Amino acid sequence: MSDGTQTELQRGEPRRDPKRRKPMVGLQPEGDVDWSSYRGVLVVVEQRAGVAKPVSWQLLGEGRRLADKLDAPLLALVMGHQVAHLAEEAICYGADRVYLCDSPELRDYRTRPYSRVCLHVIRTFKPEIVLMGATYTGRDLAGAIATHLPTGLTADSTMLDVDEDRLLLASRPAFSEKMLATILCKQFKPQMATARAGVFEALPRDPSRTGEIITVPPQIPPEDIATEVLEFIAATDRVNLAEAEVIVAGGRGLGGPAAFAMLKELADALGGVVGASRAAVDLGWIDHRHQVGQTGTTVRPKLYFAIGISGAVQHVVGMQNAECIIAINKDPAAPIFQIAHYGIVGDLFQIVPAITEAVRARKAAGGLRADGEGVGFSLTGAGSGGPVRGAE
Amino acid sequence: MLHLVVCIKQVPDSREIRIDPKTNTLIRQGVPAIVNYYDLHGLEEALRIKDRHGARVTVVTMGPPSADKALKQCIAMGADEGVLVSDRAFAGADTLATSYVVAMTIRKAEEEWGPVDIVFCGKQTLDGDTGQVGPGVACRLDLEQLTYVEKVEHLDLERREIIVHRHLEDGVERVRAKLPVLITALAELNEPRRASLPGVLRAARYKPMVWTTNDFPDLDRSKIGLRGSPTIVAKTWVPEPRKVNTEYIPADPPEAAAEALVERLFASDIAEKLGWVQGVRA
Amino acid sequence: MADERFDAIVVGAGPAGTAAAYTMAKAGLKVALVERGEFPGAKNIFGGVLYRKQLEDLIPEWWKEAPLERKIVEQRLWILADDSAVTFGHRNQRYHDPPNCWTGLRVKFDPWFAGKAEQAGAIPIYETVVTGLLRAGERVRGVITDRDDGELEANVTIIADGVNSLLGKQLMVHREWRPDEVSLAVKEIIQLPKQTIQDRFNLEGDEGCTIEIIGHTCGMAGLGFLYTNTDTLSIGVGVMVSDLKKKRVKPYEVLDGLKQHPAISRLIQGGEVKEYSGHLIPEGGFNSIPALAGDGWMICGDAAQLVNAVHREGTNLAITSGRLAGEAAIRAHEAGDFSASTLAAYDEAIRASFVYKDLKKYRGVHSLLAHEDAEQLFHRLPQALNDAAYEMLLVDGVPKRDKQRKAIRRVKEAAGGAYMDLIRLGLKGWRAMNG
Ligand SMILES: Cc1cc2nc3c(=O)[nH]c(=O)nc-3n(C[C@H](O)[C@H](O)[C@H](O)COP(=O)(O)OP(=O)(O)OC[C@H]3O[C@@H](n4cnc5c(N)ncnc54)[C@H](O)[C@@H]3O)c2cc1C
Ligand SMILES: Cc1cc2nc3c(=O)[nH]c(=O)nc-3n(C[C@H](O)[C@H](O)[C@H](O)COP(=O)(O)OP(=O)(O)OC[C@H]3O[C@@H](n4cnc5c(N)ncnc54)[C@H](O)[C@@H]3O)c2cc1C
Ligand SMILES: Nc1ncnc2c1ncn2[C@@H]1O[C@H](COP(=O)(O)O)[C@@H](O)[C@H]1O
């Protein structure tokens, strides 16, 4: 509180007078609104550098189901720079109509320009439901838009449905995943929800599908682009648990940090990432970013290996929705076996390397895509052929 | 002087909430109330700026009268003033109504103590768990919104600029914005301090300001409380625990166990979903 | 260092410290109440009986607002052998009004009581550990805490930091307790529906019952207890630390043994264990009471070994000692003199009170427990008593006179084989209990 600071402040840029500060777009005027003209399910497509987030296609898959039930069109909104191809993709993944706003100002995600476009599309084309991924970006944008409209917004849904009154039933976990709550928004349109990545299924990509693409002019005033994204630093050690399709997790049973290298080998072979129990994290064997569970990350991979993890409830709530769980533990009474699809009661130090070997052998024989890398992340790469046994 | 506002919420320590297996309802009794975990990281960052540049730190919360305890904890850590917005009419608010009242409160705090430069919110609350109030407040006050911040790299008071690191799923974004801004804080931002003894003494005697609906002459009553909340909780239920028939694979010898497991995984639809079985046909 | 000075600092917000803080704050003294727990009672445990009388000296009709569990209308004593029990008990309608005692839980009671002290004006300083005393020569002039700028000054410091009193040790008013001066108690809280508890213990509404247990403690000197709370039971056992060491038994093994006893297992059956905790109990009694006051300090409650282990009374002695220390501080404050000679008034007040008299009465118990064979007192005698009762009550055609003889022989053998041994033990016990 030195005087220096004061003068500095006075010399520098003037502060805005809070009384003269105007909300960006203005909250929607109150009064009777005819909601009946609102129709269709709109999915906001999230992308970075022209690559869509898987959750966008997953939401189109779920949105298709809802739209069909409502007998309404499935709409998509693609925003960004040089993203026209994503509009085409959105049609392949189920959209009937795509609003495309392509502009250099939309190269990086920034709240103001993106909400400006979003609000324009919603107000002009009046969808009854708006869905976004419950990602960092999705939540940032959805929170802003719902306030501006204004309307109700349900966060982080894991179940979506519509009823005969065209109401969106958005269900989400509450109280550390202990309960589910269904949330409605009866009096406002659109009804908005963000939805968790990895929960819903994308439709198989269908290049023969047709749809309409409507170009939306950006119309972004200069004061909206004052904020600058200086750079994006991609995470090098991709601990992207939330989006991972294969997770190889280890616990106290690993006996020390060294054994995580063994898990990493299996994870690499499967194109997955390494997870951990809190016990392993607390012991300092691995970074907190790897922790799965109540106070870590909630995950929903296709494949989850629980290795030397007892299955304490705080761990289980974070991974029980994995599609296939494999437990390896020397204690046959470990609770983890209660939720495991495959159980191996034995010494992890013998079994894990053997599995890694078996997987590698498959790969060499052509049973896995040879690059291994990326397998765990690409839903889009899913083969269209039926389940085929590997080496025969 | 810089004016920093920190939004906090008192929440039940959700880790300690249990479900009554018979009635399927939450057992809240005896669950301690704490300051929402992430909010303390917001407060700590404000206090660090105060330590470095000098600033007034105001903490605001909307909640029941008992939430004054949460404010006192912030005072003990070093906040200058604590405001509790409390009125029956505010009860039952969802994120839209909450952000309205919190924004009105910050407006009033600006009238009392000068225009705000940075508002801090937590990433999300342990009970609401939405992360929507922060963006809502930013919109209503026309502040630049910087969500999921894990580092404040630079604060330039001369140019009124701030550079922060935003955490995203796949990396980190460095962003530069003009003050005033609203920041939502992640746990990685800092390590909240332990209050000093003089801080605890000050907090013990401190009486937070309490503002009710009467303190806001231009409050729009249709926008607060249950009435101002468009979302409705239609029902809650406890999901059925998943029943699985565990297939046990003999562990000995390990090679056979491994082979058997891999065999089964490939025979299941998981392999297809993961794209493992491509390439074979090709 | 905090800028402000206090009239008094109290270390520990248990029953003793809070009683002292309340007394002084009410008289208008500027009091700081320092407690290491997140809140008072957060980590404190006891068996569970709170007495009316001593707290009433401070807060009339306190029980009408305090969070309590059940009003005790029946007290039982069980002497256990492996699969049997000899039981005594007393039930009385007169315990309804006025009540004599209640079961309570420290997590609820301590915050309530400390809240009263806060209302009276005591400044709460919680989640703060006192790590040492500020001294000026012999005089104590405040405390050092684990917080930044954590020194705090006052005219008088009241030490009420419980059985393992760090500050008592620093003052050298006592050393580390010997293993035969403390027992280690472990306790579980077991949840059961209210109605089930009432049915199993023959209770109605808020009535409660206590069971004290002798025997079945693996041949070690110790006492068990089973108390009824509103919708939980408190079960525990305290065993002399010296015996635990000798026998190399873990305390929870003793508790598990008790829980499996056929007379007890059916009372706790179907309940869910909610909490498990352990705590020391001072057992040294009268002979271990340290100096109680000096220049600028007083010590009370468990920290001063003021516990009546025979009657499982502790909180009431703690409250009384805290009150008396508080009153001495008020007089010292009025006189503006906090020297050892002024504060000696506290020591005198203790001597004049039931605290001192009761502890004096049982002063022999400690040496009885320490020197007699625990195996004999806590295993062989209970066993023999149960056998004798079995023989006497079994209708099997053996003439009653022969039965009586057999029964007495059993008990005699357990006491050492001869009538003389039994009489000697009886006398020793009588003396220990009657001072
Ligand atoms: C408020 C709170 C929040 C929490 N949040 C989380 C959370 O987010 N995530 C989380 O994981 N935990 C969390 N926990 C902790 C949780 O309760 C457990 O303590 C933790 O999950 C246990 O980790 P673990 O299974 O690795 O260790 P342990 O329970 O010790 O289990 C180790 C297992 O390894 C097995 N094993 C040992 N050696 C071998 C071997 N050679 N081969 C095969 N098996 C072997 C053992 O049989 C054992 O089952 C939380 C706890 C609390 C109180
Ligand atoms: C198993 C068991 C059963 C019992 N049953 C009964 C019973 O039925 N009835 C009965 O009347 N009595 C009973 N007692 C005895 C009774 O609990 C104690 O005598 C009584 O609690 C003593 O009160 P106190 O205030 O002296 O100490 P405590 O209650 O131990 O309080 C001391 C306080 O000081 C705090 N503290 C300690 N060190 C520091 C420090 N350095 N800085 C800051 N704070 C500190 C502690 O956190 C604690 O809150 C039982 C005890 C046990 C263990
Ligand atoms: N009642 C409230 N009073 C003040 N701030 C709040 C309140 N509710 C939420 N917040 C702030 O908004 C953040 C996000 O909350 P939520 O959207 O409920 O997850 C919290 O971390 C707080 O900083």
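Which atom of ligand 2 lies 3.4 Å from a backbone N or O atom of Gly48(C)? An oxygen atom of ligand 2 holds that position.

## Basis of the model

This is a predicted model, in which local features need pLDDT of at least 70, side-chain atom pairs count only at pLDDT 80 or more, and totals for chains, interfaces and linings use all residues. Residues are numbered from 1 along each chain as its sequence is written, chains are lettered from A and ligands numbered from 1 in the order in which they are written, and side-chain values use heavy atoms, with hydrogens and water left out.

## Ligand 2 and its surroundings

Around ligand 2 there are 34 residues, and the closest are Glu35(C), Gly47(C), Arg106(C), Asp302(C) and Thr315(C); a residue is near a molecule if one of its heavy atoms lies within 4 Å of it. Several pairs qualify as polar contacts, that is, pairs of N or O atoms within 3.5 Å. A polar side-chain atom of Glu35(C) is 2.5 Å from an oxygen atom of ligand 2, while a polar backbone atom of Gly47(C) is 2.9 Å from a nitrogen atom of the ligand. Taken alone, ligand 2 exposes 990 Å², of which the protein buries 95%; accessible areas come from the Shrake-Rupley method with a 1.4 Å probe.

Helix 1 (15-26), strand 3 (49-51), strand 15 (272-282) and helix 9 (315-335) of chain C are the elements that give two or more residues to the shell around ligand 2. Strand 15 of chain C gives the most, with three residues. Helices (H or I, at least four residues) and strands (E, at least two) are DSSP runs, numbered from the N terminus. The shell residues comprise 16 nonpolar, eleven polar and seven charged. In this division Ala, Val, Leu, Ile, Met, Phe, Trp, Tyr, Cys and Pro count as nonpolar, Asp, Glu, Lys and Arg as charged, and the others, Gly among them, as polar. At least three residues of the shell come from each of domain 1 (5-69 + 104-177 + 285-361) and domain 2 (179-282) of chain C, with domain bounds taken from an automatic or database domain assignment.

Ligand 1 lies between chains A and B. Of the 26 residues around it, Arg252(A), Ser277(A), Ser310(A), His315(A) and Asn329(A) come nearest.

Helix 7 (278-282), helix 8 (313-316) and helix 9 (348-364) of chain A each give two or more residues to the shell around ligand 1. By class, that shell holds six nonpolar, 14 polar and six charged residues.

## Domains of chain A

Chain A is divided into domain 1 (41-224) and domain 2 (246-365), whose C-alpha centres lie 34 Å apart. Eight residues of domain 1 of chain A are in contact with five residues of domain 2 of chain A, contact meaning heavy atoms within 4.5 Å. Between them the two domains bury about 540 Å², 45% of it on carbon and sulfur atoms; buried area is the accessible area (1.4 Å probe) that two parts lose on being put together, summed over both.

## Chains B and C

Chain B and chain C bury about 1,200 Å² between them, with 59% of it on carbon and sulfur atoms. In chain B, Arg194(B), Leu197(B) and Leu201(B) lose the most area to chain C, together 50% of what that side buries.

Note on methods. A polar contact is a pair of N or O atoms within 3.5 Å; within protein, one must be able to donate a hydrogen and the other to accept it, and residues adjacent in sequence count only if both atoms are side-chain atoms.
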